[in-house]
Amino acid sequence: MKQTKIVQKKIETDILIAGGGIGGLSAAVTIKENNPEAEVLIVEKQTAGYAGKANKGGGVLQYFDLEKTTPMDFVAYHANMVGCYLGNQNMMLKYVAMNNEMLDKLEEWGVKVPKNRIPTGPMTYMVGVDLDITLQVRKVAAKLGVKFMDKTTISDLLVTNGKIAGAAGYNILDGTFYEFNSKLVIMATGSQNYRVASMWSNGRGDGIAAAYRAGAQMRNPEFGNFSQLFRVNSNRECVFGENVMYDAYGENITKNFRRFPEADISSSAVAEWYNQVSAGRGPIYLHIDENPMTSNEEMMLHAWERPYGLRFWEIDFEKASTVDKDWEVVPGFVGEQSPVKVDEEMRTTIDGMYAIGDLSYGGSAAPGAVPAPPGRNRGSGILNAVFAAIIAGRNAALAVKQTSQQPVDTAQVKTLKENAFAPLFREKGITAKELISQVQDVICPVENSVYMSGHRLESALRKIEQLKPLVSELKAEDLHDMLSCHEAEAMVLCAEMQFRGALMRKESRGWFLREDYPQMDNDNWLKWIVCKNENGTMVFDTEEVPIDTYPIQPPRF
Ligand SMILES: Cc1cc2nc3c(=O)[nH]c(=O)nc-3n(C[C@H](O)[C@H](O)[C@H](O)COP(=O)(O)OP(=O)(O)OC[C@H]3O[C@@H](n4cnc5c(N)ncnc54)[C@H](O)[C@@H]3O)c2cc1C
């Protein structure tokens with residue numbers, strides 16, 4: 001039955017954290033460790049500890065043997081081979097240097113971090129943690145006095161005179177509308193994955209949209225197009241499968257795009273799939289027995305003691321081998337746009353607001369020319385979230401002592417409430433499911449999002465433009481549906497940002513691949529694309545990458 005009366009409540013706290021995945025939880029613990037007096041509230045739309053991505057997937061953490069590889073060695077490798085000079089090298093240096101500290105912290109917070117390490121890329125190893133990682137950190141946070149509100153979503157941010165004043169949100173079970181007053185806000189709401197790949201489905205971009213609407217600047221929005229090879233029936237991801245791709249006639253096609261070992265899948269693997277299939281040489285198969293990394297099962301199941309993971313992957317692998325009788329693969333869109341711009345202290349462009357983890361990995365510019373996570377840097381997703389959380393948490397713990405609560409504009413709160421609940425009171429219109437499906441139809445095709453051209457991007461953007469008016473026609477049956485409406489709105493916004501950004505970047509660099517501009521253009525495109533909401537208009541600009549201040553530079557420098 002539709003709700004007619006909205007109960008409204010006000011909640012005050014020193015620091016509000018939106019999102020209770022590994023990033024939000026780690027930030028909360030860090031704040032309490034550094035300032036036990038600070039009141040910290042985590043607001044999570046699912047249930048903190050069970051929600052988020054860290055407990056859905058591989059749980060593999062990147063490990064650097066810093067006695068053999070210096071942080072600078074890795075930064076040089078990364079800048080040359082992965083980030084292609086578009087990365088903030090200071091951030092990457094700091095991330096690698098903090099590797100041992102982060103693993104120690106996780107252990108201190110009750111996460112079992114195994115000691116046996118498996119080599120991955122040229123300079124990295126990995127260690128696997130179990131699926132209870134976030135539950136362990138939630139337990140520590142609760143013990144330190146962090147408060148939790150589960151099943152409550154943050155729909156918008158409250159900003160007064162350019163400074164954060166709190167947030168607005170609602171409980172998705174009973175529909176109570178909340179005005180949160182807080183001195184500081186840490187956004188930890190994850191990336192945009194458009195509800196396409198099921199294991200990534202919590203990345204719905206509503207935190208990105210809230211930050212954008214509040215006026216926060218975005219950076220690298222065009223890098224939201226990660227794709228992976230998937231088996232066709234089970235939709236099981238095939239990590240490292242790009243190393244053993246064959247066409248329907250038994251020809252090895254990996255050799256067409258990969259001439260030396262690389263750390264992870266590249267967009268050229270996706271383009272190769274597209275070109276082969278377009279030329280009638282599909283379907284494409286993996287010969288997994290040619291490379292021990294490609295089947296992945298041995299590593300996921302038995303390399304580390306992970307009882308919860310073991311059960312999960314046994315079911316997953318069994319299902320895959322039952323429904324997929326061969327190794328036919330297709331590239332599947334994953335997304336991972338993470339564009340909220342932050343500086344090296346994880347501060348957004350809104351005073352008093354930080355953004356961490358998957359929400360701002362791309363916006364931090366640390367990974368360079370690649371969608372992140374994992375940013376062709378396997379095992380960096382969880383650790384980047386912990387890294388950003390420790391930095392933001394330490395800063396917030398100090399800053400809160402010198403920050404006073406900004407006045408809240410009650411008219412703004414009223415408008416945000418009306419906007420949030422509008423779909424529930426609409427009798428006619430489009431459902432969230434219908435709108436999301438139409439966005440997916442535009443964003444998913446490889447030729448729109450990964451192997452791009454000006455013509456195809458313009459056509460994709462036109463389709464998204466046609467969907468924009470439908471946002472104000474979204475209708476919801478209940479509160480869960482209302483949340484889906486807000487997520488659908490965020491998907492339209494993120495897709496627009498991605499296509500507009502991609503149209504601007506007239507070159508190919510790293511993961512970013514334009515058929516019509518196949519070369520990397522260091523003369524014109526050592527730049528970050530930034531964008532911002534200015535009175536309802538999405539305004540784009542560029543920022544020079546300060547490449548001459550970084551240790552590693554492209555050949556012409
Ligand atoms: C299948 C899979 C496999 C992976 N494998 C690995 C791996 O092996 N190693 C690795 O390092 N990384 C891996 N990753 C990536 C890694 O899990 C993420 O990078 C990391 O967990 C991000 O943490 P986060 O806290 O920033 O975001 P998330 O984990 O996405 O957490 C965001 C939280 O915010 C909540 N939220 C969202 N919007 C709102 C809102 N409006 N209001 C309130 N709450 C909100 C969400 O419900 C969620 O709980 C994998 C991810 C997936 C999906």
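For this talk, Ala, Val, Leu, Ile, Met, Phe, Trp, Tyr, Cys and Pro count as nonpolar, Asp, Glu, Lys and Arg as charged, and the others, Gly among them, as polar. With those classes, the shell around the ligand has twelve nonpolar, 17 polar and five charged residues.

The model is predicted: local features need pLDDT of at least 70, side-chain atom pairs count only at pLDDT 80 or more, and totals for chains, interfaces and linings use all residues. Residues are numbered from 1 along each chain as its sequence is written, and side-chain values use heavy atoms, with hydrogens and water left out.

Now the ligand. Of the 34 residues around the ligand, those that come nearest are Glu44, Lys53, Val60, Asp358 and Ile382; a residue is near if one of its heavy atoms lies within 4 Å. Glu44 has a polar side-chain atom 2.6 Å from a ligand oxygen atom. For Asp206, a polar side-chain atom is 3.1 Å from a ligand nitrogen atom. On its own the ligand has 1,000 Å² of accessible area, and the protein covers 96% of that (Shrake-Rupley method, 1.4 Å probe).

Helix H12 gives the most to this shell, four residues. Helices here are DSSP runs of H or I with at least four residues, and strands are E runs of at least two, numbered from the N terminus.

Next, a sheet. Three strands form an open sheet in the order E10-E18-E19, with antiparallel pairing; pairing takes at least two DSSP bridges between two strands. E10 (218-219) and E19 (537-544) are at the edges with a single partner strand each, so one side of each has no neighbour in the sheet. E18, residues 527-534, pairs with E19 over eight bridges, and Lys532 stands opposite Val539 in E19.

Terms used. A polar contact is a pair of N or O atoms within 3.5 Å; within protein, one must be able to donate a hydrogen and the other to accept it, and residues adjacent in sequence count only if both atoms are side-chain atoms.
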